Amino acid sequence: GGEGRQGKGLEVKGVKLEYEKDGWSRCLDADGKGFRWFLSQTSETRTRNSVSEKFQIGSYAVVRSMNYDGSGEVPGQSASSVMSHGATLDLRPAADVTASCMVPRPAHSEGRGPLYNQADIAKTVALNFSAKLDWFRAATLELRTPWEDEHTFLFVRRSHLIEDSLKAVMTLERSQLRNMWRFEFIGEPGIDAGGVAREWFQLVTEQLFHPDFGLWQYSSVNQMCMQINAASGYANPQHLTYFRFLGRVLGKALFDGQLVACHMIRHLYKHLLGWPLMFDDIEMIDDEVHRSIKQMIEYEGDIEDLCLDFTVTEDFMGESKVVDLVEGGEEKDVTNENLKLFVEESIKYRVCTRVQEQLRELLVGFYEVVPEALLLVFDFQELELVMCGMPEIEMDDWKRNTEYLGQYESKREEHWVCEWFWEVVDEFSEELKARLLQFVTGTSGVPAQGFAYLQGNDGNIRKFCINSISVETSLFPRAHTCFNRIDLPLYRTKQQLKDKLTLAVQMEATGFDID
């Protein structure tokens, strides 16, 4: 993606509003100290046509808002002791949330004022992915405590890896999280020149994300992605400490340029970045819920006929539990008049409230290491690539395990459009290949056994699939992450396919609009 958004700057600007998955962009707020989200008008009209005339579900979005200790202080400023640091997490309308772009200067750094401000962030956002990554790496080096000032040794037993690591990491002061860490597995010779650290991050994240540990479960849509287990407290009474610990580990991995073992479900990367969460984010969390709400929105009759109230029924470890979406939800019937409220509360519940405590601890731990403002330069797909690394994509394996539908079914990869598609993808950079995977499957993760093992939402194998649609239906390719399917228009020329596909995978994430 060398040229990525830069080289195509003019072209991207021209189509940006026409093809914007979410329709949200960022701009500097009035006093120039932070970024806020705004909705472009074109996306409002488009979503109205696509889902329903009743109300614009596509224009409803919430952003998580973190408040620390009532003082509004971002973690990492002071070295106060470990768990004293409380925070509240709530959801607010996307347009009401401003993200600060000041990165405070660390104590060891000479100079005055913030280390980075909104001008630095705005300039970096416009760069391509590898240039952003270089900037981010340089920024974390400036924030890192010099070895001669202070550094930290962590000693753990391989046989008690999680227990020892939890104790070691959670007893550190917040200021020590940006020290250089050196690891030693007790009883094993080995100087940590980086290899031991790499192994530690890999093993700890592998174990914490494993469904058997009880904190996480597979996403209902894609077995390559993990989502927070709403019943984690039943599985592990100490679960909130573990989520804070994991937040620190993920933050430290990002800070130190280490990779982690697991891919999270897409909306969690949005939470880390403070991006808008919308109705379509529910699909990857629970596609059945997404489908049933969509049917309600499109229902022509009187909603009261469906006999629904403002509750959801949850299954916690085999036990059914009714949860109110609003106060007194059991007493409140869903009607045509309050359907909008019901849908909005359902979105909030699915993307946050259901796992609010766990999510809060994960975010607090993460931001104790990485200043939130530094993350503003990435979109949610880039963040997944930075944290999990570029996938190793075997093109032959990918082609071999692709299915074809519609007009592509009979000739398969020999249909002229499919031939062009694979020629174009072959020429893609590693980053663009990864973004194409994210666009179609919801994650850059490839199963260890290869593309033959891509799983859909029901746990059954659902291979990568290319379906034909007319150019009149859509000028751009469309993705159905539930089915690992891309709808590829019957383009007239290879150049047209290349332009539209490249834009589609790059514009999947709404970026900043900074004039």
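How many residues does helix 9 have, and how far does helix 9 reach from its first C-alpha to its last? Helix 9, residues 239-256, has 18 residues and reaches 25 Å, close to the 26 Å expected at 1.5 Å a residue. Before I continue, please note that this is a predicted model.

Let me stay with helix 9 for a moment. Of its 18 residues, 15 are buried, so this helix is mostly covered under the cut-off of 20% relative accessible area. Just after the helix, Gly-257 takes a positive phi of about 75°.

In general, an α-helix has 3.6 residues a turn, so residues three or four places apart point the same way. Are the two partners buried or exposed? Asp-256 counts as partly exposed because its relative accessibility is 24%, whereas Lys-252, at 0%, counts as buried.

I turn now to salt bridges elsewhere in the model. The structure holds 28 salt bridges. One of them joins Glu-372 and Arg-64, with the closest N and O atoms 2.9 Å apart. Which parts of the chain does this pair link? Glu-372 sits in the loop between helix 14 (356-369) and helix 15 (380-388), while Arg-64 belongs to strand 3, residues 61-68. The two residues are 308 residues apart, and the pair links distant parts of the chain. Glu-372 is partly exposed, with a relative accessible area of 24%; Arg-64, at 4% relative accessibility, is buried.

Another salt bridge is formed by the side chains of Arg-485 and Asp-487, at 3.1 Å from N to O. Asp-487 counts as buried because its relative accessibility is 2%. There is also a network of salt bridges, in which Lys-132, Asp-379, Glu-382, Glu-431 and Arg-435 are linked.

Finally, I come to the surface. Which residues form a nonpolar patch there? The patch consists of Trp-147, Phe-153, Phe-155 and Ile-186, and together these residues have about 410 Å² of accessible area. Phe-153 is placed in strand 6, residues 151-156. With 48% relative accessibility, Phe-153 counts as partly exposed, because the term exposed is kept for values over 50%.

Methods: Residues numbered from 1 in each chain as written. Predicted model: local features only at pLDDT ≥ 70, side-chain atom pairs only at ≥ 80, totals over all residues. Heavy atoms only, no water. Helix = DSSP H or I, 4+ residues; strand = E, 2+ residues; numbered from the N terminus. Expected span 1.5 Å × (residues − 1). Buried < 20%, exposed > 50% of the residue type's maximum accessible area, 1.4 Å probe, protein only. Patch = residues over 30% accessible without salt bridge, like charges linked within 9 Å, V, L, I, M, F, W, Y side chains within 5 Å. Areas by Shrake-Rupley, 256 points an atom, 1.4 Å probe, with all protein chains shown as cover. Salt bridge = Lys/Arg side-chain N within 4 Å of Asp/Glu carboxyl O.
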